[in-house]
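Here is a short tour for anyone meeting this model for the first time. Keep the sequence and the 3D view open side by side as you read.

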Amino acid sequence: MSKTLFDKVWDSHVVRNIENGPDVFFIDRHFIHEVTSPVAFLGIKSRGNTVLYPDRTFATADHNTPTINQHLPVEDPLSANQLKALEENAAEWGISHWGLGHQKNGIVHVVGPENGITLPGATIVCGDSHTSTHGAFGAIAFGIGTSEVEMVLSTQCIMQPKPKKMRINVNGELGFGVTPKDVALYIISQLSTSGATGYFVEYAGDVFSNMTMEGRMTVCNLSIEMGARGGMIAPDEKTFEYIKGRPLTPKGEAWDTAMEYWQTLKTDEDAVFDKELTFNGADIEPMITYGTNPGMGIGITNHIPDASNVEGGVATYKKSLGYMDFNEGDAMIGKPVDYVFLGSCTNGRIEDFRAFASIIKGKKKAENITAWLVPGSHEVEELIKEEGILDIITQAGFTLREPGCSACLAMNADKIPAGKLAVSTSNRNFEGRQGPGSRTLLASPLVAAATAVTGVVTDPRTLLEEVIN
Amino acid sequence: MAYDKFNIVTSTAVPLPIENVDTDQIIPARFLKATERKGFGDNLFRDWRYHNDNTQKEDFILNNPTYSGKILVGGKNFGSGSSREHAAWAVYDYGFRCVVSSFFADIFKGNCLNIGVLPVQVSPEFLEKIFEAIDTNPDTEIEVNLPQQTITIKTSGESESFDINSYKKENMLNGYDDIDYLTKIKSEIQKFATTRPF
């Protein structure tokens with residue numbers, strides 16, 4: 001029977017199928033961080049269980065870590081306590097731990113691929129919904145709750161009903177100044193935040209084939225924002241080139257054997273999806289959100305829609321615009337902005353910093369803007385220095401912070417103050433997500449950069465043209 | 001951690017007729033710093049419930065003594081966003097045993113089932129009826145009957161059936177969880193693990 005890419009990977013990991021129930025699903029790789037793992041370790045102890053395969057779990061600290069002065073003790077005692085718990089639990093059970101200060105420390109979804117932990121055909125979970133990022137490599141990767149973290153630690157399995165399958169095709173070519181982030185925000189705006197709930201998505205078509213691995217990670221990362229459990233892209237030469245030679249990828253004969261398998265990881269021609277959607281890359285503009293969920297996005301040159309033109313509840317829509325202090329019909333371009341945040345597991349990779357630098361080069365940070373530029377890992381930080389991006393950033397009046405999740409979820413000190421408006425390259429614009437009372441506009445690194453130098457929401461194409469001419 | 005058995009819950013309900021309630025609203029990230037599972041109910045809907053100075057927002061439903069009960073009724077796409085199980089813990093710890101909506105986000109729904117909170121998905125029409133019934137009379141009782149898989153508005157007798165897979169149903173009825181199941185088949189899992197190439 002013909003199978004989709006998703007079927008091939010899912011079916012090969014089913015230990016047991018329960019009638020009228022979930023599959024017992026084997027997990028190859030498990031990432032843990034300080035926030036969603038401590039209670040799982042307590043559960044292991046209270047039940048008298050052990051960690052079954054410590055070498056299949058990888059710990060890194062990221063959600064709660066400071067992004068300045070990482071060499072100093074963590075000031076917040078609760079954060080420090082969580083970091084300590086992670087370190088102790090990892091040590092107790094023999095789990096690899098890249099804590100604060102470790103050379104490989106960084107955001108879990110950035111350091112996993114960098115170190116070759118993420119592989120095609122693997123199943124990968126983490127107590128974090130953006131685990132879908134790893135689907136860029138042709139893995140099945142998704143976020144889980146803490147009960148499931150405990151299941152994976154103690155049995156290397158979770159119990160999941162197999163999701164339905166959706167394919168999203170984006171064909172043609174992307175326009176000038178349109179990035180992978182815009183593709184993802186466009187798809188979410190078309191589907192809404194619940195449009196893919198119950199599905200696992202495969203992204204296909206020219207736009208994804210032509211996309212870099214970093215771009216594919218950005219797209220797969222945001223799958224959860226349309227409700228999908230995860231998203232994946234069939235591995236190709238770009239994938240193999242990216243992973244080859246990384247610290248934990250198979251080597252020698254093991255690589256050759258793996259390659260034979262990986263070459264089979266594509267959807268069969270006559271395989272059937274439960275739902276299939278097709279978009280045209282040329283229809284996508286640089287995007288920006290205007291509301292309090294990632295589905296509330298529009299092309300940057302557009303105006304905020306009227307409630308009467310929006311699907312769903314008018315009351316919820318008006319509550320959302322009320323929180324943002326925006327009105328129906330407002331233009332997005334020109335709105336004064338207070339903060340710019342470049343970073344997160346969505347857009348904290350080297351390509352994102354290159355994009356940001358391409359716009360700010362030779363310009364100056366606007367005086368009204370506070371900018372937080374946070375690399376996803378020390379490896380990204382090193383590349384920023386090596387490629388001369390740090391010089392560009394510094395000359396333009398910006399500073400570079402140290403790696404971590406930072407203002408994406410504002411668990412550390414990087415909180416956008418109440419009422420302030422931020423253009424952020426992260427993944428969620430929920431009420432208070434970036435700090436109590438904060439207001440977030442999600443956008444690409446190019447839009448963030450253009451806004452950072454003008455001080456108002458700006459279409460990056462206007463500045464890119466200056467660069468080109 | 002096994003949980004209390006769930007059979008039939010009959011209770012008044014708290015209505016929250018807002019769509020796309022995300023888990024950042026259910027419990028904001030800054031309250032995820034504990035290393036033990038306790039006290040999360042205090043911060044349920046923290047920023048909707050309290051002002052920045054920790055005084056209560058009088059107009060929020062949980063601060064209105066007219067509404068209480070073991071059942072929370074939310075708008076469409078309840079529990080979207082972050083996978084934090086803390087959101088389900090907060091709902092449970094506050095005293096809810098059941099969340100009713102016309103649509104749930106996947107991870108939140110799974111997390112609820114894993115800790116003993118029953119997510120009951122009803123039709124949009126029935127959800128509207130529940131909201132109306134509570135609006136008319138806040139003392140309206142709702143019966144959630146897991147063995148029968150029905151939800152009933154006691155005042156009007158209107159009822160609808162809901163889906164739950166038989167494995168999860170057995171778990172909820174008996175207070176078992178997935179870890180109980182998985183640890184029993186550990187040797188089968190270990191045998192499977194030897195077949196994995198990486």
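In this predicted model, the centres of domain 1 and domain 2 of chain A, taken over C-alpha atoms, are separated by 28 Å. The domain assignment of chain A gives residues 5–165 + 232–264 to domain 1 and residues 307–468 to domain 2.

**Where the two domains meet**

- Domain 1 of chain A brings 20 residues to the contact, and domain 2 of chain A brings 21 residues.
- Which helix gives the largest share of the domain 1 side? That share, four residues, comes from helix α4 (residues 108–114) of chain A.
- The side of domain 1 of chain A that touches domain 2 of chain A is made up of 12 polar, five nonpolar and three charged residues.

**Where the two chains meet**

- Chain A puts 68 residues into the contact with chain B, and chain B puts in 51 residues.
- On the side of chain B that touches chain A, at least two residues each come from α1 (23–26), α4 (106–115), α6 (166–174), α7 (178–184) and α8 (186–193) of chain B.
- α4(B) supplies the largest share of that side, with six residues.
- By type, the residues on the chain B side split into 19 nonpolar, 16 polar and 16 charged.

**The sheet β16-β15-β17-β18 of chain A**

- Strands of a sheet pair through backbone hydrogen bonds, in either a parallel or an antiparallel way.
- Here four strands of chain A make an open sheet in the order β16-β15-β17-β18, and the pairing is parallel.
- From one strand to the next, the twist averages 20°.
- β15(A) and β16(A) run parallel and are joined by four bridges, and A:Val340 has A:Ala371 as its bridge partner in β16(A).
- β15(A) also runs parallel to β17(A), with three bridges joining them; in β17(A), the bridge partner of A:Val340 is A:Val423.
- β17(A) is joined to β18(A) by four bridges, again in parallel, and A:Ala422 stands opposite A:Thr440 in β18(A).
- Are the residues on the two faces of strand β15 (residues 339–342) of chain A buried or exposed? A:Tyr339 and A:Phe341 on one side, and A:Val340 and A:Leu342 on the other, are all buried, which leaves both faces of the strand covered.

**The sheet β11-β10-β9-β12 of chain A**

- Another open sheet of four strands in chain A has the order β11-β10-β9-β12, with parallel pairing.
- β11 (230–232) and β12 (275–280) of chain A stand at its edges with a single partner strand each, so each has one side without a neighbour in the sheet.
- The strands of this sheet twist by an average of 20° from one to the next.
- Three bridges join strand β10 (residues 199–204) of chain A to β11(A), and the two run parallel.
- A:Val201 stands opposite A:Gly231 in β11(A).

**A pair of crossing helices**

- The axes of helix α13 (residues 350–360) and helix α16 (residues 445–454) of chain A come within 8 Å and cross at roughly 35°.
- The crossing of α13(A) and α16(A) is right-handed.
- On the α13(A) side, the residues making the contact include A:Phe356, A:Ile359 and A:Ile360, while on the α16(A) side they include A:Leu446, A:Ala449 and A:Val453.
- The residues of this contact divide into 11 nonpolar, one charged and no polar.

**One residue to look up: A:Ala396**

- Where does A:Ala396 lie? Its place is in the loop between α15 (389–395) and β17 (421–424) of chain A.
- A:Ala396 counts as buried because it has 20 C-beta neighbours inside 10 Å.
- Leaving out residues up to four places away in sequence, A:Ala396 touches A:Ile360, A:Lys363, A:Lys364 and A:Lys365.
- From C-alpha to C-alpha, A:Ala396 and A:Asn309 are 41 Å apart in space, and they are 87 residues apart in sequence.

Conventions:
Residues are numbered from 1 along each chain as its sequence is written. Chains are lettered from A and ligands numbered from 1 in the order in which they are written. This is a predicted model: local features need pLDDT of at least 70, side-chain atom pairs count only at pLDDT 80 or more; totals for chains, interfaces and linings use all residues. A residue is buried if 20 or more other C-beta atoms lie within 10 Å of its own, exposed if 12 or fewer, and partly exposed in between; C-beta atoms are placed from the backbone. Two residues are in contact if their C-beta atoms, placed from the backbone, lie within 7 Å. Ala, Val, Leu, Ile, Met, Phe, Trp, Tyr, Cys and Pro count as nonpolar, Asp, Glu, Lys and Arg as charged, and the others, Gly among them, as polar. Domain bounds come from an automatic or database domain assignment. Two strands pair if DSSP finds at least two bridges between them. Axes are lines fitted to C-alpha atoms, for helices over the stretch in contact, and angles run from 0 to 180 degrees between N-to-C directions. A crossing is left-handed if the near helix is turned anticlockwise from the far one by less than a right angle, and right-handed if clockwise.
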